[in-house]
Amino acid sequence: RAHIPNIPGVERQGVFSFRSLRDTESLYARILRSRHIVVVGGGLLGLEAAKGLLRFHTKVTVIQQGPHLMNRQLDEVAAGILEQEVRNLGIEVITNAGVRAIDGFEHVTSVTTRSGEIIPCDTVLFCAGITPNIELARDARLSVGRGIVVDDQLQTSDPDIYAIGECCEHQGTTYGLVNPGYEQASVAASLLADLAQQPRPHYLGSATVSNLKVVGTPVCSLGEVSD
C-alpha cells in the first residue's frame, strides 16, 4: 500500500495517495477543481504524477525530503539535470524539505515543511513509496520484518508458503520495482514445478538497474549512487 507518513493532518479532505485505480479515480475527480497541488515525493511516481497533473492547468509543487530528486537512483549531478527538465515543464521543486504537517480545518489549506515554510495549497498527493502488506503473514505467524522474510528459495518461515514481489524481504532488502518481482517469480515457479530438482534454484537478489523515461527524459541508473 502507499506509504503515508504519520504527520498531523493526513486525515483532512484533499489528501490523496496514488496506488490503486480507486485512488486515481478519486484524485481525478478532485483535480478538476484544484488550484494548487503539492506532490510529496520526488521519486519516479511523484514526478510522473506531477507531470500528469499539469494537463489540468493546475499549479504543481513537488516536495522531496531527500537532497535531490530520485536520490535512490541518481547522483547529485544527474539529479540536477533532471530537476531542470522538471522545472522547464512548469513544476516547482523543493528539496531537503519533508512535510511536517498538513494544515486546515476539514479541508487542506496549506502544508508546513520541516523548515517551517508554509506552502498554500488545496490538495496533497503522497507519492512517498510503499509499505509492504504483512498483516496476513503476521497473523499466520510467519517471520516478518519490513516485509515477509524469505530465504534464497523465496520460502517463508513456513516451508509450504512462498512470498514474492513487493511484499517480501530477502536478505534485508525489499524491492519496489517490477523486475525483481519477475526474477523472484521465475525462481519460485521453477521450484514449485519440480520440488525434487537438484541443485535447487536460488534467488540471490536483483541488480539495481533502472532504464526508463522520467517526465519524458531518458534516465538510466546502475551501480551505487551514494555511499
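## Close-ups of a predicted chain

Of the 227 residues in the protein chain, 41% count as buried, where buried means under 20% relative accessible area, exposed means over 50%, and partly exposed covers what falls in between (1.4 Å probe, protein chains only). This is a predicted model, so to speak of local features a pLDDT of at least 70 is needed, side-chain atom pairs count only at pLDDT 80 or more, and totals for chains, interfaces and linings use all residues. Residues are numbered from 1 along each chain as its sequence is written, and side-chain values use heavy atoms, with hydrogens and water left out.

Figure 1. Helices (H or I, at least four residues) and strands (E, at least two) are DSSP runs, numbered from the N terminus. Taken along the principal axes, the C-alpha atoms fill a box of roughly 60 × 40 × 30 Å.

Figure 2. As for pairing, two strands count as paired if DSSP finds at least two bridges between them. Strand 2 (residues 36-40) and strand 3 (residues 59-64) run parallel and share 5 bridges, and Val39 stands opposite Val62 of strand 3.

**Figure 3. Strand 8 (residues 123-126) and its buried side chains.** Thr123 and Leu125 point one way, Val124 and Phe126 point the other, and all of them are buried. Strand 8 is joined to strand 1 by 3 bridges, running parallel, with Phe126 as the bridge partner of Ser17. Strand 8 also pairs with strand 2 in the parallel sense, over 4 bridges, and there Val124 is the bridge partner of Val38.

**Figure 4. The antiparallel sheet, 3 strands in the order 5-6-7.** This sheet is open too, and its edge strands, strand 5 (99-104) and strand 7 (118-120), each pair on one side only. From one strand to the next, the twist averages 25 degrees. Strand 5 and strand 6 (residues 108-113) run antiparallel and are joined by 5 bridges; look for Asp103 and its bridge partner in strand 6, Ser110.

**Figure 5. The salt bridges, 3 in the structure.** The cut-off is a side-chain nitrogen of Lys or Arg within 4 Å of a carboxyl oxygen of Asp or Glu. Arg1 pairs with Glu135, the closest N and O atoms being 3.2 Å apart. That pair links distant parts of the chain, with Arg1 in the segment before strand 1 (15-17) and Glu135 in helix 4 (residues 135-139), 134 residues apart. Arg1 is partly exposed at 40% relative accessible area, and Glu135 is partly exposed at 35%.

Next up is Arg19 with Glu166, where the closest N and O atoms are 2.5 Å apart. Arg19 lies in the loop between strand 1 and helix 1 and Glu166 in the loop between strand 9 (148-150) and strand 10 (168-170), so the pair ties together parts 147 residues apart in sequence. Both ends are partly exposed: Arg19 has a relative accessible area of 42%, and Glu166 comes in at 28%.

Then there's Arg87 with Glu83, at 3.0 Å from N to O. Both residues lie in helix 3 (residues 76-88), 4 residues apart, about one turn of the helix. Arg87 is partly exposed at 35%, whereas Glu83 is buried at 19%.

**Figure 6. The second largest pocket, with a volume of about 180 Å³.** On a 1 Å grid over the protein atoms alone, a cavity is a set of points where a 1.4 Å probe fits but cannot get out, while a pocket is an open set with protein on both sides within 12 Å along at least five of seven lines; lining residues have an atom within 4 Å of a point. Grid points are joined across faces, edges and corners, and the volume is the space filled by probe spheres set on the points. The lining includes Phe18, Thr24, Tyr28, Arg55 and Phe56. Helix 1 (21-31) and helix 2 (44-53) each supply at least two lining residues, and helix 1 gives the largest share, 4 residues. By class, the lining has 7 nonpolar, 2 polar and 1 charged residues, with Ala, Val, Leu, Ile, Met, Phe, Trp, Tyr, Cys and Pro counted as nonpolar, Asp, Glu, Lys and Arg as charged, and the others, Gly among them, as polar.

Note on methods
Axes fitted to C-alpha atoms, helices over the stretch in contact; angles between N-to-C directions.
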